[in-house]
Amino acid sequence: MNTNEDVTLSRQQESCKQCGQCCVNGGAALHGPDLGLIQSGRIPQSNLITLRKGEMAHNPVVGKVQPLEQELVKLKGTGKQWNCCYFDIGSTGCSLYEHRPLACRVLQCWDPEKILDMVNRDTLTRRDIIGEDDPLWPLIVEHDGTFPCPDFLSLPDLAAGEPNVSKQDLQNIVNGDLRFRDKVSKEHSLKVSDELFYFGRPLFQLLQPFGIRVSESPFGLELHWPREIKLP
Ligand code: SF4
Ligand code: SF4
């Protein structure tokens, strides 16, 4: 969900015009009261994506893109614009409207105080959703410990330096992340849509917005660094 910060505010506006602008560029983050929607199957796990701790995300409270201090589980986006998967662009309507998550109910783009108050509060995590008894839980813990998000804020310094151990380390982690996903997906018959919930987006994808390209080599992915990286 594109929280109000990117939505043009109108001082005169006093109610929702159902323009759908808050449903583009990503679905809503889920909160405690939304757990029942997942447990009842109204929102299947395959429609969720995890943003792991450390991933860069827009913080509407400070109006900046920053590393996340805690993980978030969000409704998945679709298409180039990454519209919320429940957003019907033809009718600019929500196909989940009667059962939409709390953040969607609270959002009033013309009066953002309540939604801003919810940011990073009582947000759902993977553990809340699947519980520690799920056979995949230990693998989530292992994945987070072995292949954490890199320090994205240090990427400009890394890019400015010559090829070095840190760059090679990052490449190794990127490849390790992919191998881990591949192995677990085969062993547990996970689809890509499940994988995005259990392990978030692959690290190589998270590097692409910084201009770090990848190519395939016989040894796995190779990272190609731009001369300069500017933080968003
Ligand atoms: S809250 Fe209503 S008026 Fe505001 S952006 Fe969302 S759909 Fe449009
Ligand atoms: S669930 Fe509905 S209201 Fe909420 S972001 Fe998606 S399309 Fe918009």
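Which residue takes a positive phi just after α8? That residue is G200, and its phi is about 70°. Please keep in mind throughout that what you are looking at is a predicted model.

Let me stay with α8, the helix that covers residues 192-199, whose buried residues are E195, F197, Y198 and F199. If we look down the axis of α8, these buried residues fall within an arc of 165°, so they line one face of the helix. As a reminder, an α-helix has 3.6 residues a turn, so residues three or four places apart point the same way. As for what covers the buried residues of α8, the list includes β1 and α4, together with α5 at residues 137-146 and α7 at residues 165-188.

Now to the domains. The domain assignment divides the protein chain into domain 1, covering 4-127, and domain 2, covering 131-224, and the C-alpha centres of the two lie 25 Å apart. Where they touch, domain 1 brings 15 residues to the contact and domain 2 brings 17 residues. On the domain 1 side, β1, at residues 48-51, and α4, at residues 126-130, each supply at least two residues, and β1 gives the most, with 4 residues. Sorted by class, the residues on that side of domain 1 comprise 5 nonpolar, 4 polar and 6 charged.

From the contact I turn to the cores. The largest nonpolar core has 27 residues, and the members that touch the most others are A28, L75, C84, Y86, A103 and L107. At least two residues of this core come from each of β1, β4 (72-75), α2 (102-106) and α8, and both domain 1 and domain 2 provide at least three residues to it. There is also a second, separate core of 10 residues, which includes L170, V174, L203 and L207.

What, then, surrounds the ligands? Around ligand 1 there are 11 residues, of which C16, C19, Q21, C22 and C109 come nearest, and by class this shell has 6 nonpolar, 4 polar and 1 charged residues. Ligand 2 is surrounded by 12 residues, with C23, C84, F87, C94 and C104 the closest, and its shell has 10 nonpolar, 1 polar and 1 charged residues.

Finally, I would like to point out two individual residues. Although K230 and D157 are 73 residues apart in sequence, their C-alpha atoms are 9.9 Å apart in space. The other residue is N164, which is found in the loop between α6, at 155-160, and α7. N164 also counts as exposed, as it has 9 C-beta neighbours inside 10 Å. Between N164 and L68, which are 96 residues apart along the chain, the C-alpha separation is 27 Å.

That brings me to the end, and I am happy to go back to any part of the picture.

Technical notes. Residues are numbered from 1 along each chain as its sequence is written. Chains are lettered from A and ligands numbered from 1 in the order in which they are written. This is a predicted model: local features need pLDDT of at least 70, side-chain atom pairs count only at pLDDT 80 or more; totals for chains, interfaces and linings use all residues. A residue is near a molecule or strand if its C-beta atom, placed from the backbone, lies within 6 Å of it. Ala, Val, Leu, Ile, Met, Phe, Trp, Tyr, Cys and Pro count as nonpolar, Asp, Glu, Lys and Arg as charged, and the others, Gly among them, as polar. Domain bounds come from an automatic or database domain assignment. Two residues are in contact if their C-beta atoms, placed from the backbone, lie within 7 Å. A residue is buried if 20 or more other C-beta atoms lie within 10 Å of its own, exposed if 12 or fewer, and partly exposed in between; C-beta atoms are placed from the backbone. The arc is that of the directions from the helix axis to the C-beta atoms. A nonpolar core is a set of buried Ala, Val, Leu, Ile, Met, Phe, Trp, Tyr and Cys residues joined through C-beta atoms within 7 Å.
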